[in-house]
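Here are a few exercises to work through with the model open in your viewer. Try each task before reading its solution.

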Amino acid sequence: MATLLIVHHTPSPNCQAMFEAVVSGATAPEIEDVQVVRRAALSATASDVLAADGYLLGTPANLGYMSGALKHFFDQVYYPCLDATRGRPFGVYVHGGSDVTGALRGIGSITTGLGWRGAAEPVTVTGEPGKADIEACWELGATVAAGLTD
């Protein structure tokens with residue numbers, strides 16, 4: 001059975017709505033043989049990353065960058081996971097008040113360094129997530145999870 005690790009920092013109702021939609025998509029009944037593990041960014045470990053076959057990352061954009069919690073996660077797992085996780089798929093969703101460009105750039109730099117490969121287009125939302133945004137988050141979760149069974 002494949003394992004999908006969702007690492008998230010969910011400090012607001014908007015981030016919570018996106019997180020719940022991602023989890024719902026990843027755990028859709030049509031997707032079989034994928035175990036979904038959820039970890040808050042401040043509690044996710046290198047062991048969690050090494051045990052997973054793919055990743056979903058969720059963060060708010062704070063002051064033009066990913067949250068400190070997600071950056072802390074990357075700081076903790078980068079070197080222990082650097083060689084062992086190359087080529088693994090990931091997806092990302094980011095919520096911001098106005099701009100998410102810096103957060104995506106930072107996540108992109110780190111995941112490129114890790115050698116992870118994007119499995120879906122990032123989902124970015126500014127302001128309150130609408131129905132289409134929530135559906136995009138569901139699709140993100142479903143796409144990354146289903147890709148682990150191929």
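**Exercise 1.** Leaving aside neighbours within four places in sequence, find which residues valine 100 is in contact with.

*Solution.* Start with the ground rules: this is a predicted model, where local features need pLDDT of at least 70, side-chain atom pairs count only at pLDDT 80 or more, and totals for chains, interfaces and linings use all residues. Residues are numbered from 1 along each chain as its sequence is written, and side-chain values use heavy atoms, with hydrogens and water left out.

Step 1: locate the residue. Valine 100 sits in the loop between β5 and α4 (101–114); helices (H or I, at least four residues) and strands (E, at least two) are DSSP runs, numbered from the N terminus.

Step 2: list the contacts, meaning heavy atoms within 4.5 Å. Once neighbours within four places in sequence are set aside, valine 100 touches Ala61, Val94, His95, Thr124, Val125 and Thr126.

Step 3: Threonine 126 is 26 residues away along the chain, yet its C-alpha atom lies 7.6 Å from that of valine 100.

Step 4: check the burial. Valine 100 has 8% relative accessibility, so it counts as buried (under 20% relative accessible area; exposed is over 50%, partly exposed in between; 1.4 Å probe, protein chains only).

**Exercise 2.** Trace the pairings of β1 and β3, and say how many residues of each are buried.

*Solution.* Step 1: β1 (residues 2–8) has 7 of its 7 residues buried. Ala2, Leu4, Ile6 and His8 are covered on one side, and Thr3, Leu5 and Val7 on the other.

Step 1: β1 pairs with β2 (residues 34–40) in the parallel sense over 7 bridges, with valine 7 partnered by arginine 39. Together with helix α1 (residues 13–26), these strands make a right-handed β-α-β unit.

Step 2: Leucine 5 stands opposite tyrosine 55, and valine 7 faces leucine 57.

Step 3: β3 has 8 of its 9 residues buried, so the rest of the structure largely encloses it.

Step 4: β3 pairs with β4 (residues 65–66) in the antiparallel sense over 2 bridges, and alanine 61 has methionine 66 as its partner. The two strands form a hairpin with 2 residues between them, and leucine 63 in the turn has a positive phi of about 55 degrees.

**Exercise 3.** At what angles do α1 and α5, and α3 and α4, pack?

*Solution.* Axes are lines fitted to C-alpha atoms, for helices over the stretch in contact, and angles run from 0 to 180 degrees between N-to-C directions. Under 35 degrees is roughly parallel, over 145 roughly antiparallel, 65 to 115 roughly perpendicular, and the rest oblique.

Step 1: α1 and α5 (residues 131–147) pack at about 40 degrees, axes 6 Å apart, so they are oblique to each other. The contact includes Ala17, Met18 and Ala21 of α1 and Ile134, Cys137 and Trp138 of α5.

Step 2: α3 (residues 68–81) and α4 pack at about 15 degrees, axes 11 Å apart, which makes them roughly parallel. Leu70, Lys71, Phe74, Tyr78 and Cys81 in α3 meet Ile107, Ile110, Thr111, Gly113 and Leu114 in α4.

Terms used:
Pairing = 2+ DSSP bridges. Right-handed = clockwise from strand over helix to strand, strands pointing away.
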